[in-house]
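Colleague: Before we discuss this model, could you put it up, so that we can go through it together?

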Amino acid sequence: MEEKIVCTNRSASHEYFILDKLEAGIVLEGAEVKSIRAGNVNLKDSFCVIHNGELFIKNMHVAVYDKSGAFNSKDSRRDRKLLLKKEEILKVGAKIAQKGLTLVPLKIYFKQALLKMELGVCQGKHTYDKKRSIMERDIKREKEREIKNYK
């Protein structure tokens, strides 16, 4: 299966421990799909909520497609419905109900012709966890540099 990644949420891995991942479809308008295909989408500060047994993504920015007509959506940050099976929504809802867990969008990609979103059940990091992960990343880079210079 060929995946073309359109957008990733880089801050998610820095801000959260990702415990579980799942895949969901997105309900979009035609002009929004064209805008996303052009790469005009941003997942920063977006999050997911469950309302009346349905899953929605809030605060995802999809730029208005300039070539679309008068019937396109003018609100670039509107709530968009995510498509999951009812059992999956209930399972994720039970996990989110635990203290400190949240549902964060990780990336948007095309799977064949369909637009999909990868969601992560995440737990927030403390400041000392963030500092530790930065330190580990720097040590890993330094080791890779040393190995490269040794060869």
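Predicted model: local features only at pLDDT ≥ 70, side-chain atom pairs only at ≥ 80, totals over all residues.

Colleague: What share of the contacts between residues at least 6 apart in sequence joins residues at least 24 apart?

Modeller: The protein has 151 residues, of which 34% count as buried, and its accessible surface comes to about 10,200 Å², with 51% of that belonging to carbon and sulfur atoms. Among the contacts between residues at least 6 apart in sequence, the share that joins residues at least 24 apart is 68%.

Colleague: Which cysteine has the sulfur nearest to that of Cys48, and is Cys48 buried or exposed?

Modeller: Cys48 counts as buried, because its relative accessibility is 7%, and Cys7 also counts as buried, at 10%. Cys48 is in no disulfide, and at 9.7 Å from its sulfur the nearest cysteine sulfur is that of Cys122.

Colleague: Which elements give two or more residues to the lining of the largest pocket?

Modeller: The largest pocket has a volume of about 160 Å³, and of the 13 residues that line it, Asn9, Ser11, Tyr16, Asp45 and Ser46 are the closest to its centre. The residues of the lining divide into six nonpolar, four polar and three charged. The elements that give two or more residues to this lining are helix 1 (10-15) and strand 8 (101-111).

Colleague: Asp45 has a positive phi although it is not a glycine; where in the chain is its place?

Modeller: The phi of Asp45 is about 65 degrees, and the residue counts as exposed, because its relative accessibility is 56%. Its place is in the loop between strand 3 (41-42) and strand 4 (47-51).

Colleague: What is the phi of Gln112, and where is this residue?

Modeller: Gln112 is exposed, with a relative accessible area of 65%, where the cut-off for that class is over 50%. Its place is in the loop between strand 8 and strand 9 (114-124). Although Gln112 is not a glycine, its phi is positive, at about 60 degrees.

Colleague: Leaving aside neighbours within four places in sequence, with which residues is Ala63 in contact?

Modeller: Ala63 is in the loop between strand 6 (61-62) and strand 7 (80-83), and it counts as partly exposed, at 23% relative accessibility. Its C-alpha atom is separated by 12 Å from that of Glu29, which is 34 residues away along the chain. Once neighbours within four places in sequence are set aside, Ala63 is in contact with Ser35 and Asn40.

How values were computed:
Residues numbered from 1 in each chain as written. Heavy atoms only, no water. 1 Å grid on protein atoms, 1.4 Å probe; cavity = no way out; pocket = protein on both sides within 12 Å on 5 of 7 lines; lining within 4 Å. Points joined across faces, edges and corners; volume = space filled by probe spheres on them. Helix = DSSP H or I, 4+ residues; strand = E, 2+ residues; numbered from the N terminus. Nonpolar A, V, L, I, M, F, W, Y, C, P; charged D, E, K, R; others polar. Buried < 20%, exposed > 50% of the residue type's maximum accessible area, 1.4 Å probe, protein only. Disulfide = S-S within 2.5 Å. Contact = heavy atoms within 4.5 Å. Areas by Shrake-Rupley, 256 points an atom, 1.4 Å probe, with all protein chains shown as cover.
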